[in-house]
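Here are some questions about how terms are applied to a structure. Each answer sets a value against a definition.

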Amino acid sequence: MTDWLTPLELEALALSARVALWSVVCGLPVALAVAWLLARVEFPGRSLVNGLVHLPLVLPPVVTGYLLLLLLGTKGPVGGWLQEAFGITLAFRWTGAVVAAAVMGFPLMVRAIRLSIEGVDGRMEQAARTLGASGPVVFATVTLPQILPGVIVGAILAFAKGLGEFGATITFVSNIPGETRTLSIAIYSMLQTPTGEAAAIRLTVIAVALSMLALVASELLARRAGRRVKGLEG
Amino acid sequence: MSGARLEVDVTKRLGDSVEIAAAFESGPGVTALFGRSGAGKTSLVQMIAGLLRPDRGRIAVGGRVLVDRAAGIDLPAHKRRVGCVFQDARLFPHMTVRRNLLYARWAGGRRGALGLAAVCDLLDLADLLDRRPGALSGGEVQRVAIGRALLADPALLLMDEPLANLDGPRKAEILPFLERLKEEAGVPIVYVSHAMEEVIRLADTMVLIDRGRVAAVGPVEDVTSRLDLRPLTGRYEAGAVVAARVEAHDEAYALTRLSIAEGRELLVPRLRRPVGTTLRIRLRARDVTLTLAAPEGASTLNILPGVVRELAPAEGPFVDVLVDAGAPIWARVTRLSVDRLGLAPGLAVHAVVKAGAIDRASLGRAQ
């Protein structure tokens, strides 16, 4: 592998993968909870929450990144508090890139999961309750398996989004080699140098391949989970 | 728990025009909630199961209060120990039959007296254990659903039209299992249905529901024999339900002798039931004719002396006559015959019952 990837390219690729993975790992539980709230609970301000969740989808990514910087930067209200209370700095760190990727991928996850929760057959959950299962157990044993295809699709879409995230990331955490220079940012940087075009094309090919792989994997996994849930295979 | 009695007294408003206000008590054995679609049977069942909250009222099983709005008690469904068999079975498609059956055990922490082996035996499920619900037939699916509910150690078993989605042969396949269940499981059962033949075959007590209200409660024989309830019970072909005992079989003539009351016997085509069995049979009104004097030289085998109790107009030119022949029997005669014979309450008559009158599909075993 190292034969045809320079250490710099490898570094960008590994960083992108790490950022995307962590953004999904951290975002998924929250996305599940929010999707559940939106799909199942009637509460005042539901459309406000719904709008807020979808905001990163419609805002220019640069604006999202700038808002993150204002909010989570070392001088921002939340960022300042995080640093004072826990010594956590997000701005200009790879962890900040995770936050940016998670925020950008969040609406994709929530949408996919919410749709699948709304499609859940509530009668199965009722049956489980009459058999003695409490709420959380019903969720884990009956609801979750039914929404698994949606969860997988959401997670992989968010992962793909995290791999390629550019605007919010570069605005929030800048372009620091080895720390925040992800795949897309690396391609952008190479295009800025007169001799970098060949390297940029190589990285572009990698990015395309990765994205395709993620999409195909999500399709296969979701189909498999769907078949399982319908009781067609083991 | 076989002696557990169910007490229900609830009201619930559903939408603007529909209100359920039902109060009844039922003992052990099978209690049928009978009524046409939309009468509120399923809502009642959901309130007993804890899937729907009554606006007012109280439900208790064997003295254990499940819901009492006035006292602020409302046990959640998973703590009620009320087993449910739904019309649409609701097996979990992503689990094997075995996982489905044992769901209450591993997910609900229930441990009952009945084990997996006993339930498999009772419902003939042993060969299905490793299959998935998607690969089962409609009848098998319902058997698994019944087994799953039984293994949840229920204090009460609710069956909401469990046969309604099955075709005739499938129904016939399941009914014997339900009869065994009634005799062997020792759990009181509430059986919701709008099919009279199932009710007669399985139920001991009948709760007649009409537009959200209880129209009548009592033994199946009594409720189905009341002419005033006929608009509610008589959607099927009119007839009376009678308890009968198998006295003897006559192999030479392929007949069975049943006694329906002291000294009143019926000869019917050979029934495959042992001598001494108590059955519940339905005699169709159109198969019973009335005469003033005992006919002589007739081919009819069954002539029962009795007294006219009640007359009620039926459709067209017909009148249903309730005759007390030791047991209540209905006869469907024309208005013309009523006038010619002078049929009136108190008149002594002979009920002539055709040997083939027994509605074989409705043969039930009485307790």
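The questions below concern a predicted model.

Q: How do you know that helix α1 of chain A reaches close to the span expected at 1.5 Å a residue?
A: Helix α1 (residues 7-40) of chain A has 34 residues.

Q: Where does α1(A) bend, and what follows within four residues?
A: The bend, about 35°, is at A:Gly27. The proline A:Pro29 follows within four residues. The angle is taken between axes fitted to the seven residues ending at the bend and the seven starting there.

Q: What makes a residue of helix α4 of chain B count as buried?
A: At least 20 other C-beta atoms must lie within 10 Å of its own. In α4 (residues 116-123) of chain B, B:Val119, B:Cys120 and B:Leu123 are buried.

Q: Why are the buried residues of α4(B) said to line one face of the helix?
A: Viewed down the helix axis, they fall within an arc of 100°, so they line one face. In an α-helix, residues three or four places apart point the same way, because there are 3.6 residues a turn.

Q: What do the buried residues of α4(B) pack against?
A: They pack against α2 (97-101), α5 (138-150) and α6 (168-184) of chain B.

Q: How many residues of domain 1 of chain B are in contact with domain 2 of chain B?
A: Ten residues of domain 1 are in contact with 16 residues of domain 2 in chain B. Contact requires C-beta atoms within 7 Å.

Technical notes: Residues numbered from 1 in each chain as written. Chains lettered and ligands numbered in written order. Predicted model: local features only at pLDDT ≥ 70, side-chain atom pairs only at ≥ 80, totals over all residues. Contact = placed C-beta atoms within 7 Å. Helix = DSSP H or I, 4+ residues; strand = E, 2+ residues; numbered from the N terminus. Expected span 1.5 Å × (residues − 1). Buried ≥ 20, exposed ≤ 12 C-beta atoms within 10 Å, placed from the backbone. Arc of directions from axis to C-beta.
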